[in-house]
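Student: I'd like to go through this one with you. Could you start with the terms?

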Amino acid sequence: YLGSYLPPPSSTSEREAEQLAPWVGDTTSLSPLLEAYDRRIAEADAAYESLSAQQAAFQGRARQLTAENERLMAEVKQLTSMAVSRAEEGDVGLGLLGGEGSSAKVLEMEEKVVLLTSENDVMVDECKHLREEVGRLQGQNTTSAQQ
């Protein structure tokens with residue numbers, strides 16, 4: 001292992017050998033450093049994989065919330081237009097969703113839509129932050145591997 005990283009003995013002059021740090025040629029000192037370096041690379045790889053999995057999960061959840069949000073928004077628009085048309089026809093007594101408290105149900109549904117929209121925004125922000133973190137880890141991993 002060390003042989004592939006140490007320069008060949010013939011390539012350094014005696015003067016250069018004297019100027020090198022003492023641990024460069026000492027395999028008992030260098031080996032633990034290389035092992036620690038390998039462990040650090042493995043940790044960075046594991047962190048990258050973990051964040052990639054989290055990002056994929058958040059993206060899937062964000063897509064679900066977006067679809068649900070769009071469906072609920074369409075439903076609210078439809079129910080609101082039905083309520084307006086019934087009110088214009090003078091059929092307010094029947095209620096939009098059947099009987100008393102229909103306006104409360106519409107308000108509740110609108111509140112749910114607002115809540116889902118805010119949840120969706122949070123999930124989109126979280127995905128953005130995870131993408132940035134994954135990119136940062138990829139850069140670190142690439143830099144570490146090149147060294």
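Tutor: Helices (H or I, at least four residues) and strands (E, at least two) are DSSP runs, numbered from the N terminus. The model is predicted, so local features need pLDDT of at least 70 and side-chain atom pairs count only at pLDDT 80 or more, while totals for chains, interfaces and linings use all residues. Residues are numbered from 1 along each chain as its sequence is written, and side-chain values use heavy atoms, with hydrogens and water left out.

Student: OK, how many helices and strands does the protein have?

Tutor: The protein has three helices and zero strands, which along the sequence gives the pattern α-α-α.

Student: And cavities, how many of 30 Å³ or more?

Tutor: There is one, a cavity being a set of points on a 1 Å grid over the protein atoms alone where a 1.4 Å probe fits but cannot get out. The largest cavity holds about 30 Å³, a volume being the space filled by probe spheres set on the points, which are joined across faces, edges and corners.

Student: Which residues line the largest cavity?

Tutor: V76, L79, T80, V106 and M109 do, where a lining residue has an atom within 4 Å of a point. Helix 2 (27–89) and helix 3 (102–146) each supply at least two residues of that lining, and the largest share, three residues, comes from helix 2.

Student: Switching topic, how much of the protein is buried?

Tutor: Of its 147 residues, 19% count as buried, meaning under 20% relative accessible area with a 1.4 Å probe and protein chains only.

Key. On a 1 Å grid over the protein atoms alone, a cavity is a set of points where a 1.4 Å probe fits but cannot get out, and a pocket is an open set with protein on both sides within 12 Å along at least five of seven lines; lining residues have an atom within 4 Å of a point. Buried means under 20% relative accessible area, exposed over 50%, partly exposed in between (1.4 Å probe, protein chains only).
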